Amino acid sequence: MPKMKAAMAAVLVMEKEGVTQAFGIPGAAINPLYAQLRERQTISHVLARHVEGASHMAEGYTRAKAGNIGVCIGTSGPAGTDMVTGLYSASADSIPILCITGQAPRARLHKEDFQAVDIASIARPVTKMATTVLEPAQVPQVFQQAFHLMRSGRPGPVLIDLPVDVQMAEIEFDIDTYEPLPVYKPAATRKQAGKVLDLLATAERPLIVAGGGIINADAAEDLVRFAELTGIPVIPTLMAWGAIPDDHPLMAGMCGLQTSHRYGNATLLASDFVLGIGNRWANRHTGSPEVYCKGRRFIHIDIEPTQIGRVFAPDLGIVSDAGAALRLLLEVAAERIAAGTFPKWTGWAGDCARRKADLGHQRKTHFDQVPIKPQRVYQAMNEAFGRDVTYVSTIGLSQIAGAQFLHVYGPRRWINCGQAGPLGWTVPAALGVRAADPQVRLVALSGDYDFQFMLEELAVGAQFKLPYLHVVVNNSYLGLIRQAQRGFSMDYCVQLAFDNINSPPGDAAASYGIDHVKVVEGLGCKAIRVQAPGELAGALRQAEAWMAEFQVPVVVEVLLERVTNIAMGTEIDNIVEFEALAACPADAPTSLALLD
């Protein structure tokens, strides 16, 4: 039997499981693993500037392509605690990433050794498995189990903690006979599919609510085929945005309290039946169940058994992988349609399409004011990037407005941290997406505060030639929190503006505080500042040209008016519109272009 260090066995298993890329920061307690990575030269490594950044890079890498599993690596102690945010984010959105940490020697674990912390206990609530490996001979099988768990059932992250002496110990391991464990995915039965269609057939105004499980299952094409076969309109959740293209006739808009379309909420409220697939009824999608559920019946299909009935009890719950369920529904529905025993909802679909085309359900985007209103930025982005673009964003008014005004045309074209929403996520996640796909047209979207949280990771993009375009909408505010504080009649501790003493006299940007252009340039990247709507198109073109020329991230900072309230509410039937609605086609040109 071949002999090797346990750390080498870990690297060989990762190779067999398909890992070709890792993100991390070396340290004393994880150096034995790095020594084996260096010897093998089979797994590329991107050096992060912050270990939390490495975890979000791994997330972006996983989210970018079906089948990817991002790997992040750090040393003992604070490296692991820093990566907990990435683990939480991945767990919340059902994203498999592998976090590997170093650890103090086994004999020192209970002696308060330097940077020795029980990271497995800390990480366990936000992972599918978190374990400190105490026996070197167990390392290969622990890694094997990690990949099995990450891919099986509801996907999610795993943390493996390796004491330094475990990494260096010699073990016997035959990699030539190693095989990944079979992946477990629950699948709907034909009887269950028949029951779904039986119930659907009794509906007059049904909808499909498509969740992120459809993206995880790589089943967007099956979703569109099922919608087209039956004529049922689709409401994607934010995590599934793009599963059906925005300009598809059966794309009925997004529903929710914030990241929603007016026509999406109106359509949900007009429906009498909802088939949820791969979704979890998140509260920012539903609002209160009392309003969301009133007057309609529900079927819920999800891969995770404990999601069924968690928010409200459906009329029928089925535990199944979204892709497996859709393929079976397609098969059984096609049989019934061929036999003339299943309806098609052409009239209802037409009603939804007319609602989408109604000016009264469109928000205005064409504003010419200076300082710039954020709506105009998203209109310019739609005009500049068209269909062939992938957006990355996390949270804040920038993301909420982006979801209301941007357009997405394919799966994995909107890469968003959903449930956790950590500020700072966007920069490292975008770098992870770029590492996964060097060719995709990649645009990140941040408010100024999200951008400031981890902007040091831009240096990673410069060093490793990971170019992407980052639009930063700068109002020098914690905008979403400022808007939430309206309910408390205050505007307190959310102002980011100050007079920058280093700015030239008379510079309009001086009162916005941080000079993002200088900071970005100091990190080895390129930046452009935009102060008027007429400059937007040229700046976005210049940014793409610089990306191609210099192969570094390029930031387009747009100075916004300081206060803009974005539409939102406490219930889907009570969304407050703070800005004008479209009064003519010229007010919402890119939204109405979806109907051409």
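Predicted model: local features only at pLDDT ≥ 70, side-chain atom pairs only at ≥ 80, totals over all residues.
Residues are numbered from 1 along each chain as its sequence is written, and side-chain values use heavy atoms, leaving out hydrogens and water.

Cysteine 493 is exposed, at 57% relative accessible area; buried here means under 20%, exposed over 50%, and partly exposed in between, with a 1.4 Å probe and protein chains only. Cysteine 584, at 32%, comes out as partly exposed. There are zero disulfides in the structure, a disulfide being a pair of cysteine sulfur atoms within 2.5 Å.

Arginine 482 in turn lies over the face of tyrosine 477, 5.8 Å from the ring centre. For such a contact, CZ of Arg or NZ of Lys has to be within 6 Å of the ring centre and within 35 degrees of the ring normal. Lysine 526 does likewise over tryptophan 546, at 4.6 Å from the ring centre.

The loop between helix H21 (479–484) and helix H22 (516–522) also holds phenylalanine 488, which is exposed at 63% relative accessible area. Together with Met490 and Tyr492, Phe488 makes up a nonpolar surface patch of about 380 Å² of accessible area. Patch members have over 30% relative accessible area and no salt bridge, with nonpolar side chains (Val, Leu, Ile, Met, Phe, Trp, Tyr) joined within 5 Å and like charges within 9 Å. A salt bridge puts a side-chain nitrogen of Lys or Arg within 4 Å of a carboxyl oxygen of Asp or Glu, and the areas come from the Shrake-Rupley method with a 1.4 Å probe, counting only the protein chains shown as cover for residues.

As for rings, the structure has 13 aromatic pairs. Rings of Phe, Tyr and Trp (its six-membered ring) pair if their centres lie within 6.5 Å, and planes under 30 degrees apart count as stacked, over 60 as edge-to-face and the rest as tilted. Tryptophan 281 and phenylalanine 298 are edge-to-face because their planes stand at 90°, with the centres 5.5 Å apart. Tryptophan 281 is in the loop between strand S11 (273–277) and helix H12 (283–286), and phenylalanine 298 is in strand S12 (residues 297–302), so the pair ties together parts 17 residues apart in sequence. Tryptophan 281 is buried at 3% relative accessible area, and phenylalanine 298 is buried at 3% too.

Another edge-to-face pair joins tyrosine 449 and phenylalanine 453, at 5.1 Å centre to centre and 80° between the planes. Both belong to helix H19 (residues 448–453), four residues apart, or about one turn of the helix. Tyrosine 449 is partly exposed at 27%, as is phenylalanine 453 at 41%.

Helix H1 (residues 6–16) has nine of its eleven residues buried, so the rest of the structure largely encloses it. Among the buried ones are Met8, Val11 and Leu12. Just after H1, glycine 18 adopts a positive phi of about 95°.

How values were computed. Helix = DSSP H or I, 4+ residues; strand = E, 2+ residues; numbered from the N terminus.
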